[in-house]
Amino acid sequence: MTRDTFVTVGAGQTAAVAARNLRRLGFDGRIVLVGDEPHPPYQRPPLSKEFLSGADTEDSLWILPPAWVRDNDVEIVTDTTVVRVDSSTRRVEFADGAALQADGVLIATGGSPRRLPVEGPRPDLVHYLRTLDDARRLAPVLSAGRRLAIIGAGFIGLEIAATAASAGVEVTVLEAVPVPLARVVGAQMGEAVCGLHRDHGVDIRAGVALTGIVTTGDDVLIQLAGAPTPLEADAVLIGVGITPNTAVAEASGLTVDDGVVVDAFGRSAVPGVFAAGDVARRYSPRAGRHVRLEHFDNASRQGVAVAHTMLGREAPNDDPMWFWSDQYDRNIQFVGTATGTPVLRGDTGDSTFAAFYLQDGAVCGAFAIDRGEDVTAARELLGRQVPVPALSDEDTDLWDLIYTDDAEVGA
């Protein structure tokens, strides 16, 4: 009897989680993970923190231990490029002309860093951080006394800033918007995170426009609009977001719109072909529209959900966005959406605090520094009417609000 074959195009977090859960759910067919990197599946979050700082080794990054791969009969094919999937036969075609017949295909190709034009003779002074090899290239740059310019003050850029500053690097962060992170966590919390970096000596320049990046024989010159002289650095890290890797999906005839368009279960318009993770634009009943999220938690949760779907089960995950970021010795967490002026629990000038966002009187999001338990409680409070004084009163146990009758909570 011929076993079914499931193939993942991409061998990152989503693909690894899907493979692990296919086995947990009892799938005994062939599982093949095909990745274009020379490495087996690995975790990306530590690349900007523990791995980059040297605190962790490569061995700590692997998602699927070799023993598990062997014991669960999972095949991992590295350094191999998929060019398309035949939409009628689900034949996975490789760049070298080989092919693999599949019964189900998961597109989990992730994304690639947005690039900026750079002139000059030293492209090696320009860095991006998306892959393990990127981190290997960047790590030697982070030595005391060197100057690193970071373009983009998103969470990746700021995590690298924290790692670099902790290593004694002179760090300058350049951001186009007036308040970094404001679009995600709101202006007040964005300013709080910037304050954390400035307290550690990082020069954050927000609301600036770049007019050019040029490498010379020894350094990088970054020209800012209105500045009489360029900013000089020994190296530059560009972190201005990613674009979804949709080339395979497009060549395969899938619907693409800033990602592979799929339903709430991860199914594309082509039967037997699925998509999940950073590359997927999934329909979210919670949002009432298709969304594409670029977070580790989403990649893992959608990997679990799509494993169910590939086995003909329906177990979608539409949890609110949640992510964390470790910067210096501080843990930053956020859940939900940032709406309006947050209700503070604690003071942003203190070492720890939390902030809750409300929409029409109901909790819709939360942000915290070193108060992960408050964010955990906030996840349970999302969508519930909660008295503002109770949220701001640190003597109030948030878990008491969760288990209070709805009528009392809304009183």
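Biologist: This is a predicted model. Which residues does Asn298 touch, not counting residues up to four places away in sequence?

Modeller: Asn298 touches Gly277, Arg282 and Leu293. Contact means heavy atoms within 4.5 Å. Asn298 itself has its place in helix α9, residues 296–310.

Biologist: Why does Asn298 count as buried?

Modeller: The relative accessibility of Asn298 is 10%. Buried means under 20%, so Asn298 counts as buried.

Biologist: What lines the second largest pocket?

Modeller: The lining includes Ala192, Gly195, Leu196 and Asp199, along with Arg330, Thr348, Asp350 and Phe353. The space in this pocket is about 150 Å³.

Biologist: Which helix gives the most to the lining of the second largest pocket?

Modeller: Helix α7, residues 187–199, gives the most, with four residues.

Biologist: How do you know that the lining draws on domain 2 and domain 3?

Modeller: At least three lining residues come from each of domain 2 (115–238) and domain 3 (329–403).

Biologist: What makes up the lining of the second largest pocket by class?

Modeller: Four residues are nonpolar, four are polar and three are charged.

Biologist: Where does UniProt place the feature "domain: Reductase C-terminal"?

Modeller: The unreviewed UniProt entry places this feature at residues 322–401. Over that range the chain is 24% helix and 40% strand, and the end C-alpha atoms lie 21 Å apart.

Conventions: Residues numbered from 1 in each chain as written. Predicted model: local features only at pLDDT ≥ 70, side-chain atom pairs only at ≥ 80, totals over all residues. Heavy atoms only, no water. Helix = DSSP H or I, 4+ residues; strand = E, 2+ residues; numbered from the N terminus. Buried < 20%, exposed > 50% of the residue type's maximum accessible area, 1.4 Å probe, protein only. UniProt positions renumbered as here; feature names shortened; annotations may be inferred. 1 Å grid on protein atoms, 1.4 Å probe; cavity = no way out; pocket = protein on both sides within 12 Å on 5 of 7 lines; lining within 4 Å. Points joined across faces, edges and corners; volume = space filled by probe spheres on them. Nonpolar A, V, L, I, M, F, W, Y, C, P; charged D, E, K, R; others polar. Domains from an automatic or database assignment.
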